[in-house]
Amino acid sequence: MELPATVVVLEVEQFSTLDTDIYGGLALTRCTSGFAVENASGTKGITTAGHCYDTQHYDGYWVPYEDGTFQKSHDVQWHTVRDYTVKNKIKVGSGTRSITSTKSRSSQAVGNYVCKYGKVTGYTCGNIVDKSFQFEDNGRFDCDDPGNCQWKATWIRVHNDGVNLSEGGDSGGPWFSKYTAYGTHSRSLGDDAFYMAINYIDALSITVLTE
């Protein structure tokens, strides 16, 4: 094929491909993805906060709801994916970071420096100031038996003077330290942010992917 002399042909090594990975810190319909997880049969998926809508989409694609709970010590749900590859990563600024371990509530300590990523406020950090916080309301806002849904004193409170740690839409996002998963973001109040310790995902019979 002969081309005019004014045409310049630029060769490329390969054509662009779609990013088909899904992991923590990504924007879902109204919340943020948390951590990559799998159940006992090896089915993989991603978590978000239990108080978020069960129907969630990522980049226009539906991520089917599997299970969730929002009461007592828990605020978590998980979804499988059909069109994406689940990776043990979380979004950190403009890049990503692999999650290679988890730290249960009993091993977390007041003073620990932790960070989160949410789709609204992005990457923010602070210190754990309380690991036994109990919310004053009677659990789920739609609970038929408030006594049975009473919040437990297991919530982790993070503070950083003058820093807006989180806002609505960040719910479900990952809390972590370096490459270790600490918990799932639940809510905020002033300069304080609150998350569910990562070991409480056991209620859904799932575990965090660490490889």
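## Salt bridges

A salt bridge here is a side-chain nitrogen of Lys or Arg within 4 Å of a carboxyl oxygen of Asp or Glu. Side chains of opposite charge can pair when their charged atoms come close. This is a predicted model, where local features need pLDDT of at least 70, side-chain atom pairs count only at pLDDT 80 or more, and totals for chains, interfaces and linings use all residues. Residues are numbered from 1 along each chain as its sequence is written, and side-chain values use heavy atoms, with hydrogens and water left out.

The structure holds 3 salt bridges. One of them pairs Lys 89 with Asp 21, with 3.8 Å between the closest N and O atoms. This pair connects distant parts of the chain: Lys 89 sits in strand β8 (residues 85-92), Asp 21 in strand β1 (residues 21-24), and 68 residues separate them. Strands are DSSP runs (E, at least two residues), numbered from the N terminus. Both Lys 89 and Asp 21 are buried. Buried means under 20% relative accessible area, exposed over 50%, and partly exposed in between (1.4 Å probe, protein chains only).

## Two further charged pairs

Arg 157 and Asp 192 form a salt bridge through their side chains, at 3.0 Å from N to O. Distant parts of the chain are linked here too: Arg 157 belongs to strand β13 (residues 155-159), Asp 192 to strand β16 (residues 192-197), 35 residues apart. Arg 157 is partly exposed because its relative accessible area is 21%. Asp 192 has 13% relative accessibility, so it counts as buried.

Lys 44 and Glu 38 also meet in a salt bridge, with an N to O distance of 3.7 Å. Lys 44 is partly exposed, at 37% relative accessibility. Glu 38 is partly exposed as well, with a relative accessible area of 23%.

## Around Ser 186

Ser 186 is placed in strand β15 (residues 180-189). Its relative accessible area is 4%, so Ser 186 is buried. Leaving aside residues up to four places away in sequence, Ser 186 touches His 51, Asp 75, Trp 155, Ser 171, Phe 194 and Tyr 195. Contact means heavy atoms within 4.5 Å.

The side chains of Ser 186 and Asp 75 are joined by a polar contact of 2.7 Å. A polar contact is a pair of N or O atoms within 3.5 Å; within protein, one must be able to donate a hydrogen and the other to accept it, and residues adjacent in sequence count only if both atoms are side-chain atoms. Ser 186 and Thr 210 are 24 residues apart in sequence, and their C-alpha atoms are 22 Å apart in space.

## Positive phi in two loops

Asp 59 is not a glycine, yet its phi is positive, at about 55 degrees. It lies in the loop between β4 (56-58) and β5 (61-63). Asp 59 counts as exposed because its relative accessibility is 57%.

Lys 72 is another residue other than glycine with a positive phi, near 55 degrees. Its loop runs between β6 (65-71) and β7 (74-80). Lys 72 is partly exposed, with a relative accessible area of 28%.

## A nonpolar patch

Leu 3, Val 7 and Val 9 make a nonpolar surface patch of about 260 Å². Patches are made of residues with over 30% relative accessible area and no salt bridge; like charges are joined within 9 Å, nonpolar side chains (Val, Leu, Ile, Met, Phe, Trp, Tyr) within 5 Å. Accessible areas come from the Shrake-Rupley method with a 1.4 Å probe; for residues, only the protein chains shown count as cover. Leu 3 lies in the segment before β1. At 43% relative accessibility, Leu 3 is partly exposed.

Conventions
Helices (H or I, at least four residues) and strands (E, at least two) are DSSP runs, numbered from the N terminus.
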